[in-house]
Amino acid sequence: MSAANHTAASHAAPAPVAAGRASATGMPRHHAAIFLALLAAGLAAPFFLYPVFLMKVMCFALFACAFNLLLGYTGLLSFGHAAYFGSASYISAHAAKVWGLPPELAILSGVAAATVLGLVIGALAIRRQGIYFAMVTLAFAQMVFFFSLQAPFTGGEDGIQAVPRGMLFGFINLRSDFTLYFVVLAIALGGMLAIYRIIHSPFGQVLKAIRENEARATSLGYRVNRYKLATFVLSAAFAGLAGGTKAIVFQLASLTDVHWSMSGEVVLMTLIGGMGTVFGPIVGAAVIVTMQNYLATFGAWVTIIQGVIFVVCVLLFREGIIGVFQKWIKKPL
Amino acid sequence: MFELLGIPPQALFGQLLLGLINGSFYAILSLGLAVIFGLLNIINFAHGAQYMLGAFVAWMLLNYLGIGYWWALLIVPIVVGAFGIVLERLMIARLYHLDHLYGLLLTFGLALIIQGLLRNQYGISGLPYSIPPQLAGGQNLGFMFLPNYRGWVVVASLAVCVATWFVIEKTRLGAYLRAATENPTLVGAFGINVPRMITLTYGFGVALAAFAGVLAAPVYSVNPNMGADLIIVVFAVVVIGGMGSILGSIVTGFGLGLVEGLTKVFYPEASSVVIFVIMAIVLLVKPAGLFGRAA
């Protein structure tokens, strides 16, 4: 695995350390500019587009960024990320509805659940490499799915419905989509910046070393398994943040959130956007959610088109949208 | 009648038989995955879809062409296997120089397409496929009632598994195959057409899945989703057994089916997750799998 590993994600990510002049915060200028542009677009967008749709895009963009931390920067393909997204969704919904927690604590409970789950499954999954790692994570996610189907508090096929959005910090009423939108924007951008920080820290450099050549990273004295586990847990936690937020936005947690097709979707978003790029998963999530939105009435065609996109991306377009774009402008994105 | 731990024997043996039938499908499918992985180094995510396709082609043969079960057992693996060969030549063959993960993603996409197309055409309610008249009815064994068809499924799967094991471990063709798994370059240097062998191996693995699909058609209803959930369990079976050994795949498949059946008798709530729990234990105790070699 390790020898072939670099092909998984690498063409997309030439070492970003040297490239671009750094701004005062240490972030290359063009990255800072893009984050500011995202913020500006995010602030303006709800005046032109339907806020609920935008919130869906942001939740999935954060989910895909969390997934990309694992696949794009560490070279680990988890095929069961719906487990963390979905379990956080269930726990947040339960916390808000049954325990009556305010939304910020409900989401944090979801994050905590996803983190613990990520720790347990991650510790087991990193005992195998490569293709087995993907199968193990998928199998455990299916176990979480069956648990969600049978557990008394998840509501089986119905899920947890009519989750109250509540009062943020006790005084901001989130009932209005418009108010909630800006909260979700803050969560999503905050999460993405945190992931950006992790990727570009010394810790992130070690992750890239593991992705490129695991045996070499080991021989340099890094405890590779600890790095892998830490990344797995971080990725699960951010996926949980996305899932918990999604439960508050849609006031619903359901089996869709933990189903294997959700795990497949997040892989697809990352793949089409460009794995191992900072902004690729955001673009990928926007593309896929938009597509689902327009094709929702065509039933199984959504699945078929997703399958076709998978095939086309793998055969012809492995670098993804942002991967191609960054080659064109010769700056890592 | 005697009772075992408070369970009537009919219930116990009935569930064991069901477990054995599930185990037959686990065994054939994990065998196919192992054979494909050995030579192609990819995990065939479309294996579940190809199994489902086998059941559907059998149903189509019966309903559109009037071709019955016994001919379907022969024709379906050939048709679906040929379809697999086309997929391998057109798509999968382009990925051998890349990371294994791309093979997984490509075949996942193919599975989505196949499932989606059939779901569009036939819905998800499931189509009936009746048991062939020669195998209708059953035997009273005294301690339980054995439906003939279920007995046949177990016998036929065992026969196919053993035949595959024999071909791979005991014949000259199998020796080439094993050699190419170890070192394809060297085998090619001896004048054996390795790319063609890879293509035929993929076709054979797919044909195995399709054969299992035909066997399954009268047991479960023919349904576009029948392969998707099954393949995830088979992945767990493969992780537990390890893909290094043909016999290991067969034993693990049947064994886990039986364990699942027993769980259904004694603690039904856990029956859907017991295989995953066993996987967790195996990962803790023997990460390479019961029959696997350390990577």
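Let's start with A:Arg165, which touches A:Pro103, A:Leu174, A:Arg175, A:Ser176, A:Asp177, A:Leu180, A:Ile248, A:Val249 and A:Gln251, leaving aside residues up to four places away in sequence; contact here means heavy atoms within 4.5 Å. Before going on, keep in mind that this is a predicted model, where local features need pLDDT of at least 70, side-chain atom pairs count only at pLDDT 80 or more, and totals for chains, interfaces and linings use all residues. Residues are numbered from 1 along each chain as its sequence is written, chains are lettered from A and ligands numbered from 1 in the order in which they are written, and side-chain values use heavy atoms, with hydrogens and water left out.

Where does A:Arg165 sit? Look in the loop between H6 and strand S1 (167-168) of chain A; helices (H or I, at least four residues) and strands (E, at least two) are DSSP runs, numbered from the N terminus. A:Arg165 counts as buried because its relative accessibility is 8%, the scale being buried under 20% relative accessible area, exposed over 50% and partly exposed in between (1.4 Å probe, protein chains only). Its side chain makes a polar contact with the side chain of A:Asp177 at 2.8 Å. A polar atom of that arginine side chain also lies 3.2 Å from the backbone oxygen of A:Arg175. For polar contacts, read a pair of N or O atoms within 3.5 Å; within protein, one must be able to donate a hydrogen and the other to accept it, and residues adjacent in sequence count only if both atoms are side-chain atoms.

Now hop over to A:Val111, in helix H5 (residues 103-125) of chain A. With 15% relative accessibility, A:Val111 is buried too. Not counting residues up to four places away in sequence, A:Val111 touches A:Ala88, A:Ala237, A:Gly240 and A:Leu241.

Finally, the interface: 42 residues of chain A are in contact with 45 residues of chain B. The two chains bury about 4200 Å² between them, 78% of it on carbon and sulfur atoms; buried area is the accessible area (1.4 Å probe) that two parts lose on being put together, summed over both. A:Ile131, A:Met135 and A:Trp260 supply 16% of the area that chain A buries against chain B, more than any other three residues. Helices H1 (2-9), H6 (130-150), H11 (260-273) and H13 (301-316) of chain A are the elements giving two or more residues to the side that touches chain B. H6(A) gives the most, with 12 residues.
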